[in-house]
Structures are given as C-alpha cells and as structure tokens.
Amino acid sequence: MAVAPELYSRQVNVSRLSDIDEIRKVVSKVPDAQVMADLDAAVAWVKASGQGNVEKLGITGFCWGGRIVWLYAEHSAQLKAGVAWYGRLVGKASELQPKHPIDIAASLKAPVLGLYGGNDQGIPLETVDRMRTELKAANSPSSIIVYPDAPHAFYADYRASCRKEPAEDGWRRLQTWFKKHDVA
C-alpha cells in the first residue's frame, strides 16, 4: 500500500498553484512538527484500515520531501527504511524547522538512502560530503549516492531537469534498498 498525504493542506491547496515561488512560500510555512504528526497519523490510518502492513514501513520523498525522509527516519521507531531524493541537508534552525538532516545524522532510527545530483545548484556537494562524514562517524547504515552530472529534480519527468539514466538507476536503487531493509 502506498499513501501520499497532503502535507501542506492546512496551509493551502498547492495543486491550485502553478508558480513554483508561490509553492515555496507555502512549503516554508509548514512546521516540521506538524509534518511528523501527519505522517504518524497516516501510519495509524494504514494500520487501522487493515489494508497495509506497517511492519514493513518505508518512506520516500523528493526535494522538500527528501528532507522530510531524513527527519522521519530520526522521528519514527516504526520506520524500516527511507529513500531521500535530493533533500536539503543543512539550513538555519527556526521555530518551524528546528533541525535539519545534518543535525540528526547520528540519531537516525532507520537507514536512509540519499540520492543527489552533482550539478544541483540548491544543494552544494559540500553539504552532501558533510552529511556523509556525519553518517560515517555515527556508523550509520545509511548511504548517499551522487549522480555527477545530474541537476536538482533529476527524477521529475515533467521538468527539463529530468535525467533518464540517473532517474532509472535511482528507482532501481530504491527498490533494492527497500527489499534489503524489509520494506518490500
């Protein structure tokens, strides 16, 4: 079973917005605590429905959702594994976003596979390298793959940034990662 909760719905229905800058304004106002609670509620809903197996819980997300994957892997003891597609790793702490993936690398409860583009203008490779260093220092089973020539959003087949080979390789890696960690 797959569930795609609308994690910004309390702020505004972003499906009605076409301007990426307007969408970013909405997303920046979503508290991490709200997102963690909504994801927990989605898991509880799946369990109550009897239609999914929360013993094989996995999460994946893209861009903002990639950052959320890292945070949920630290938040949820139920999670088996996650795959983060080009999720921002560092940032300035705020009331809405008190922690970032780099801050919680040592306390992940589930392994995360990070998939990043070497030509991502929004996520410098230096931050990806810092995250790798933090994960290694924590002896984490998490892993990060960088596709050297890929930009941000290399999986988004509706954008010019899409890169077929890294997208397909990333999808294969996601499936392998989830099987390895008993999600699939």
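Which residue just after helix 6 takes a positive phi? It is D182, with a phi of about 60°. Keep in mind that this is a predicted model. Now walk back into the helix itself.

Helix 6 has 17 residues. From its first C-alpha to its last it reaches 24 Å, close to the 24 Å expected at 1.5 Å a residue. Look at which residues are hidden. P166, A167, D169, G170, L174, W177 and F178 are buried. Seen down the helix axis, these buried residues fall within an arc of 165°, so they line one face of helix 6. There is a general reason to expect such patterns. An α-helix has 3.6 residues a turn, so residues three or four places apart point the same way.

What does the buried side of helix 6 pack against? Its buried residues pack against strand 1 (58-62), strand 2, strand 3 (112-117) and strand 4. Turn to the face pointing away from that side. There you find the exposed residues K164, E165, T176, K179 and K180.

Next, the aromatic rings. The structure holds nine aromatic pairs. Take W85 and Y155. Their ring centres are 4.6 Å apart and their planes meet at 50°, so the pair is tilted. W85 lies in strand 2 (residues 81-85). Y155 lies in the loop between strand 4 (143-147) and helix 6 (164-180). The pair therefore ties together parts that are 70 residues apart in sequence. W85 counts as buried, at 0% relative accessibility. Y155 is partly exposed, with a relative accessible area of 28%.

Y86 and F154 also form an aromatic pair. This one is edge-to-face, with 5.1 Å centre to centre and 65° between the planes. Y86 sits in the loop between strand 2 and helix 4 (101-104), and F154 in the loop between strand 4 and helix 6, so this pair ties together parts 68 residues apart in sequence. Both Y86 and F154 are buried. Now zoom out. Ring pairs link F62, W85, Y86, Y147, F154, Y155 and W171 into a cluster.

Finally, visit helix 2 (residues 32-49). Its 18 residues should span 26 Å at 1.5 Å a residue, and its end C-alpha atoms are 26 Å apart, which agrees. Its buried residues include D32, V35, L39, A42 and V46. The buried residues of helix 2 pack against strand 1 and helix 3 (64-75). Just after helix 2 comes G50, with a positive phi of about 75°.

Methods
Residues are numbered from 1 along each chain as its sequence is written. This is a predicted model: local features need pLDDT of at least 70, side-chain atom pairs count only at pLDDT 80 or more; totals for chains, interfaces and linings use all residues. Side-chain values use heavy atoms; hydrogens and water are left out. Rings of Phe, Tyr and Trp (its six-membered ring) pair if their centres lie within 6.5 Å; planes under 30 degrees apart count as stacked, over 60 as edge-to-face and the rest as tilted. Helices (H or I, at least four residues) and strands (E, at least two) are DSSP runs, numbered from the N terminus. Buried means under 20% relative accessible area, exposed over 50%, partly exposed in between (1.4 Å probe, protein chains only). The expected span of a helix is 1.5 Å times one less than its number of residues. The arc is that of the directions from the helix axis to the C-beta atoms. Contact means heavy atoms within 4.5 Å.
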